[in-house]
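Reader: Could you walk me through this one, labels and cut-offs included?

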Amino acid sequence: MNPPKFTTLGCRLNAYETEAMKELSQQAGLTDAVIVNTCAVTAEAVRKARQEIRKLRRENPNARLIVTGCAAQTEPQTFAEMAEVDAVIGNTEKMRPETWEGMAADFIGETEAVQVDDIMSVTETAGHLIDGFGTRSRAYVQVQNGCDHRCTFCIIPYGRGNSRSVPAGVVVDQIKRLVDRGYNEVVLTGVDLTSWGADLPASPKLGDLLMRILKLVPDLPRLRISSIDSIEVDENLMQAIATESRLMPHLHLSLQHGDDLILKRMKRRHLRDDAIRFTEEARRLRPEITFGADIIAGFPTETEAHFENSLKLVTDCDLTWLHVFPYSKREGTPAARIPQQVNGKVIKQRAARLREAGDAQVARHLAAQLGKTHHILMENPHMGRTEQFTEVTFANAQPEGQIVTAAITGVRDQQLVA
């Protein structure tokens, strides 16, 4: 009787939820099973999930193979029809103890092979908080799930449902426990993090949550937030950027494009100048802040002039860490129905040019750190990250999980050297 094996595809939130499933399946007594937690963000992600499932079946011919995650939620039949798959469960079901109890008890076919309910009917997210997911140095805390917006390229709301928030008191209590266990950095995660609080009494904002955490958990050395939508940033979040040194000076922005017409066709809520104004104001408040960003290359109808605006946005916003996504048609989204799809070869070329621009920005950032002193959170004995999330390598071993102070002496392979 072997413990279940887990494979996680996609985002940090999926990785967080895999940890929750490990606990739930262990409590249920599930054995001899392989669980694949899938991603649906692109058509390529679904294709990779199918490849991974076939590989795992070959490697585990006698195990029960269970598929879950966003791709299972949005395309349950795609996986149910695979001969390698024994069961498909949705994103809501994977967080329920009774689901795993049923899987553990059923090896005689009594449990439904496909358990995927309407994700849009889910109104709460909580109950599967994990104390200590991450490295020994950094823990991740899910505070929000789902998304109320309907960007024309995105399938994720149909995999995650509408936005739901974890109450502030629950979040604070969990972070206190993490600090008590020795974690020096906590990262808040969610699908649409800046929508946190809209469904809670009095509709608090993300900035309110940050200020509450920093006030009520004074022993937390570092607080970090994952991807945000800059147009939804509230006054308290800006105040935290300006005044709270324990809030790390690194923000990852969901920008997606740099041309106003394409942004409108994407059904984004910001324009190009909004993004530039936000980064300028944040940098005025916190001069050392760095920005990452998601940018899509080759959205339908994108001309060379439209693309040039995205390319120019990299320097106009002084972005450092780019996540470049070649546009991928997702059936079921409005963008997939737009007649003027961009040629695949052109999309790849434009994505490569964006990545080159990103590499140049990273090189510029690294060069500017030479001679500076940083407080570095060690992820392993020889590598840690600065407050701006830049990797730093050490020749001599450092205490893992601790924050060390060191001067930057060099640059090597997109890393700083101390």
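Author: The model has an open sheet of six strands with mixed pairing, in the order β17-β14-β15-β16-β19-β18; strands here are DSSP E runs of at least two residues, helices H or I runs of at least four, both numbered from the N terminus. It's a predicted model, where local features need pLDDT of at least 70 and side-chain atom pairs 80 or more, while totals for chains, interfaces and linings use all residues. Residues count from 1 along each chain as its sequence is written, and side-chain values use heavy atoms, leaving out hydrogens and water.

Reader: What makes β17 and β18 edge strands?

Author: Two strands pair if DSSP finds at least two bridges between them. β17 (403–407) and β18 each have a single partner strand, so one side of each lacks a neighbour in the sheet.

Reader: How do you know that β16 and β19 pair?

Author: Two bridges join β16 (residues 391–393) to β19, and they run parallel. That meets the requirement of at least two bridges. Thr 393 has Val 417 of β19 as its bridge partner.

Reader: Why is Asp 413 called exposed?

Author: Buried is under 20% relative accessible area, exposed over 50%, partly exposed in between (1.4 Å probe, protein chains only). Asp 413 has 68%, so it counts as exposed. Asp 413 sits in the loop between β18 (410–412) and β19 (415–417).

Reader: And why is α1 called oblique to α5?

Author: Helix α1 (residues 12–28) packs against helix α5 (residues 97–105) at about 50°, axes 8 Å apart. Under 35 degrees is roughly parallel, over 145 roughly antiparallel, 65 to 115 roughly perpendicular, and the rest oblique. So α1 is oblique to α5.

Note on methods. Axes are lines fitted to C-alpha atoms, for helices over the stretch in contact, and angles run from 0 to 180 degrees between N-to-C directions.
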